[in-house]
Amino acid sequence: MIRKRVFSAAPWEARVGYCRAVRAGNHIYVTGTAPVAEGGGVEAPGDAYRQARRCLALIERALAELGADLSSVVRTRMFVTDIARWGEFGRAHAEVFGAHPPATTMVEVRALIDPAMLIEIEADAVCED
């Protein structure tokens, strides 16, 4: 089976030993994607909706590098630091996946790698080819 990997150049990739996403056959697995801003730092500190949108944009970019798009996503997992803000995270998710909703999970976690991060999202996709 052919495998292809894409990297985001996040500082944690080399230190932890992972890639942004890997395609194995027609399956794509996108690792936990945090709201990292262009040029580093955290995108939109304090803004749950914008952070979720940023995560989803980074996921979309990784999928495109592996020959897929958001309609290929069959499952997402959202790790959030404040479940009371589920509506803000959910609104971003619904806007992106409304036409092709995947199975999803949202769970509250104690913390993410940077205290300013409110959400991290994983995605699994299946491609037709």
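Biologist: Is Glu 95 buried, exposed or partly exposed?

Modeller: Partly exposed, at 41% relative accessibility. Buried means under 20% relative accessible area, exposed means over 50%, and partly exposed is in between (1.4 Å probe, protein chains only). Bear in mind that this is a predicted model, where local features need pLDDT of at least 70, side-chain atom pairs count only at pLDDT 80 or more, and totals for chains, interfaces and linings use all residues. Residues are numbered from 1 along each chain as its sequence is written, and side-chain values use heavy atoms, with hydrogens and water left out.

Biologist: Which residue does Glu 95 form a salt bridge with?

Modeller: General idea first: side chains of opposite charge can pair when their charged atoms come close. A salt bridge here is a side-chain nitrogen of Lys or Arg within 4 Å of a carboxyl oxygen of Asp or Glu. Glu 95 pairs with Arg 53, and their closest N and O atoms are 2.6 Å apart. That links distant parts of the chain, since Glu 95 sits in helix α3 and Arg 53 in helix α2, 42 residues apart. Helices (H or I, at least four residues) and strands (E, at least two) are DSSP runs, numbered from the N terminus. Arg 53 is partly exposed too, at 33%.

Biologist: How many salt bridges are there by this rule?

Modeller: Eight. Among them, Glu 38, Arg 54 and Arg 61 are linked in a network. Arg 54 and Glu 38 have their closest N and O atoms 3.1 Å apart. Arg 54 is in helix α2 and Glu 38 in the loop between β3 and α2, so this pair ties together parts 16 residues apart in sequence. Glu 38 also bridges to Arg 61, at 2.9 Å between the closest N and O atoms.

Biologist: Are Arg 54 and Glu 38 buried or exposed?

Modeller: Arg 54 is buried, with a relative accessible area of 13%, whereas Glu 38 is exposed at 54%.

Biologist: Now the inside. Which residues have the most contacts within the largest nonpolar core?

Modeller: In soluble globular proteins, nonpolar side chains tend to be buried together. A nonpolar core is a set of buried Ala, Val, Leu, Ile, Met, Phe, Trp, Tyr and Cys residues joined through side-chain atoms within 4.5 Å. The largest one here has 28 residues, and Ile 28, Leu 63 and Ile 119 have the most contacts inside it. Elements giving it two or more residues include β3, β4 and α3. Helix α2 gives the most, with eight residues.
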